[in-house]
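Please open the structure in your viewer and keep the selection tool at hand.

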Amino acid sequence: MTEPTAEVVLETRDLVKHFPLTRGVVFKRRVGAVQAVDHVNLQLHRGETLGVVGESGCGKSTLARLLVGLEQPTSGSILLHGRDTAKMSASQIRKARRDIQLVMQDPYTSLNPRMTVADIVGEPFAIHPEVLPAKRRRARVQELIELVGLNPDHINRYPHQFSGGQRQRIGIARALALNPKIILCDEPVSALDVSIQAQVINLLEELQDELGLSYLFIAHDLSVVRHIADRVAVMYLGKVVEIGTHEEIYDHPTHPYTQALLSAVPVPDPTLRGQRDEIVLEGDVPSPANPPSGCRFRTRCWKAEEICAEEEPPLVSRQQSAHPSACHFAEERDVIHAVG
Amino acid sequence: MTADVTLDVEGVADPSRTGPALEVTDLQVEFRTRAGLAHAVNGVTFHVDAGETLAILGESGCGKSVTAQAVMGILDSPPGFVTGGQIRYRGKDLLKMSEQQRRAVRANQIAMIFQDALSALNPVFTVGFQLAELFRKHRGMSRAEGRKRAVELLDLVRIPAARQRVRDFPHQFSGGMRQRVMIAMALALDPEVLIADEPTTALDVTVQAQIMSLLAELQRERQMGLILITHDMGVVADVADRISVMYAGRMVEQAPVHEVYARPSHPYTKALLESVPRLDQKGRQLSVIQGLPPTLTAIPPGCAFNPRCRYAREECRQPPVPPLYEVADRHASACHFWQEVRQDD
């Protein structure tokens, strides 16, 4: 848990990523753009977990790729410890990247099948040799393996000799190798079985307490995010539509999309059947290549009026919403607890 | 035919119908692989009545999908073989039928929805053609008639502009729409039992809610018996009437849905319920099930769950496998110490 005054370790300012759509083979004409991430402002504080939730195609994975430098932003900036990464020199960026590491979704494809665990977890030291002298690396790898709850004797095994949950632990050990300050978790538990999910979630929480890490936790599973996150940002079609503490988002949601999303999550309690406020949205998420004008959610929203098509609602606190919510008609509605 | 079944107001199975629609008794399935004999299903018994929803709950590798494939008769064989048990549809044992007879039962009486609609549909034929094919093959209709029925079906599953969309190919539909096409296909010949194998696992939550409410509505209208195979404790709580929990190829607990959540009587069910994070609760430390599910080539003797169980004693590590004890009305648990499990809270 963090005090609101804790220093900001990672910040995005008006971050935009558009993927061009082209036509033609020789002369590639630009015919449009997929607006994957559109003017996103986020702040991650030291020791905090910021959850980012949204459905597939909302831009949450692109956001993670931008933050670790796997994609270059179209515009806007990323500030690491208050310094703009775009203005850093190559060597400064190299150094800065040690502080921000990624844990990927699929533990089956994100580990090289031809490398042993020792090689996989030790690879960050090969890329950043200045961190640790070669002699001490093996001991450090063993230490990391133990830290994530695996048997250090297994360091010469290959990924296929481990189960899904254990592989995800290997991925976490690799991310921790360079003593990062920030870990981006992109759907770290969604490929795992329920009984294994809890093990990995608990491990992430323990590591955070022990090492003072900040997490940006990207997931589509709102129950998992509620469990782990201190603050939550809800994304829809490349934009953040609502952001607040987990209480504000889960107990006092004000954006219609957040409300619909929350009400769609089944709760494992049959006594609540038919007792909850259920919102079933019509239709699918529109294409991010051609998002609706004004508010991007208006095509599926039951509150939409003319103004929603004309004017894009800014992400600000409003009279009816104590935390920032991008809706002209933001209004609190408790959708996860039983009514009456 | 199921169309003339009398419906009552509540959508509960008509009590005048005798016997369950589908009854599986002591089903055994094994896979003969190079790595050895894998016992995927070891004596599974369950039944589903008309108009009822039975959820089969379990983690990957517990044998729930294999059970469904055995019932449908679509098991990959080899390596998979049904080595024992009975699968009775309205009293007739499907396992004793010829392939031709089974084919008539499939789709007509028992139909199935798969998890991944994109790979379950044929990519080189239009959706309309694939739907019409069912009517042509099973009902002997003409192409034009079949096409007409296909449009009606797409309408039934609420695909907008059905008349135009029958001409589209599967890849032109979104994930949710494709799953609707799958449902349309399964319902085409008005089956009495529908098996849905993880129907919403690949979908987003808002789309999942649409599909589940559509399924529930169609089931109620047609008084189908629905077997919902899933690992999602939330979806089960929302739609199931009864639950069967599977672990390592066996049923470990069977009970009406409220009973399972209120008074789980098998340590595995109890641990599963405690390990899921909940939307309406925060801060509770998630309890963890230690270890891993067993590999099916080497299932531990006695109770298969014993290496991971906090109630396990010497008795659990020895054969025989604990039988399903009746712990309450219609509630069974395969644990020697179910009384202790029920008392703990």
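The stops below concern charged pairs, cysteines and a surface patch.

This is a predicted model, in which local features need pLDDT of at least 70 and side-chain atom pairs count only at pLDDT 80 or more, while totals for chains, interfaces and linings use all residues. Residues are numbered from 1 along each chain as its sequence is written, chains are lettered from A and ligands numbered from 1 in the order in which they are written, and side-chain values use heavy atoms, with hydrogens and water left out.

Side chains of opposite charge can pair when their charged atoms come close. A salt bridge here is a side-chain nitrogen of Lys or Arg within 4 Å of a carboxyl oxygen of Asp or Glu. Over all chains, the count is 29 salt bridges.

Select E187(A) and K60(A), whose side chains form a salt bridge at 3.8 Å, N to O. This pair links distant parts of the chain, 127 residues apart: E187(A) lies in the loop between β7 (182-186) and α6 (194-211), and K60(A) in helix α1 (residues 60-67). Helices (H or I, at least four residues) and strands (E, at least two) are DSSP runs, numbered from the N terminus. Both E187(A) and K60(A) are buried. Buried means under 20% relative accessible area, exposed over 50%, and partly exposed in between (1.4 Å probe, protein chains only).

**Second stop: salt bridges in chain B**

Select E99(B) and R106(B), which meet in a salt bridge of 2.9 Å, N to O. R106(B) counts as buried because its relative accessibility is 17%.

Next, select E340(B) and R313(B), joined by a salt bridge of 2.3 Å, N to O. Here E340(B) belongs to helix α13 (residues 338-343), whereas R313(B) is in the loop between α11 (267-275) and α12 (314-317), 27 residues apart. E340(B) is partly exposed at 28% relative accessible area, and R313(B) is partly exposed at 37%.

How many disulfides does the structure hold over all chains? There are 0 disulfides, a disulfide being a pair of cysteine sulfur atoms within 2.5 Å. Select C303(B): the nearest cysteine sulfur, that of C316(B), is 6.1 Å away. C303(B) is buried, with a relative accessible area of 12%, and C316(B) is buried, with 7%.

**Last stop: a charged patch**

Finally, select R103(B), K137(B), R143(B), R147(B) and R167(B), which form a positive surface patch. Patches consist of residues with over 30% relative accessible area and no salt bridge, with like charges joined within 9 Å and nonpolar side chains (Val, Leu, Ile, Met, Phe, Trp, Tyr) within 5 Å. R147(B) sits in helix α5 (residues 143-156) and is partly exposed, at 34% relative accessibility.

How values were computed. Accessible areas come from the Shrake-Rupley method with a 1.4 Å probe; for residues, only the protein chains shown count as cover. Lys and Arg count as positive and Asp and Glu as negative; His and the chain ends are not counted. The place of a charge is taken as NZ of Lys, CZ of Arg, CG of Asp or CD of Glu.
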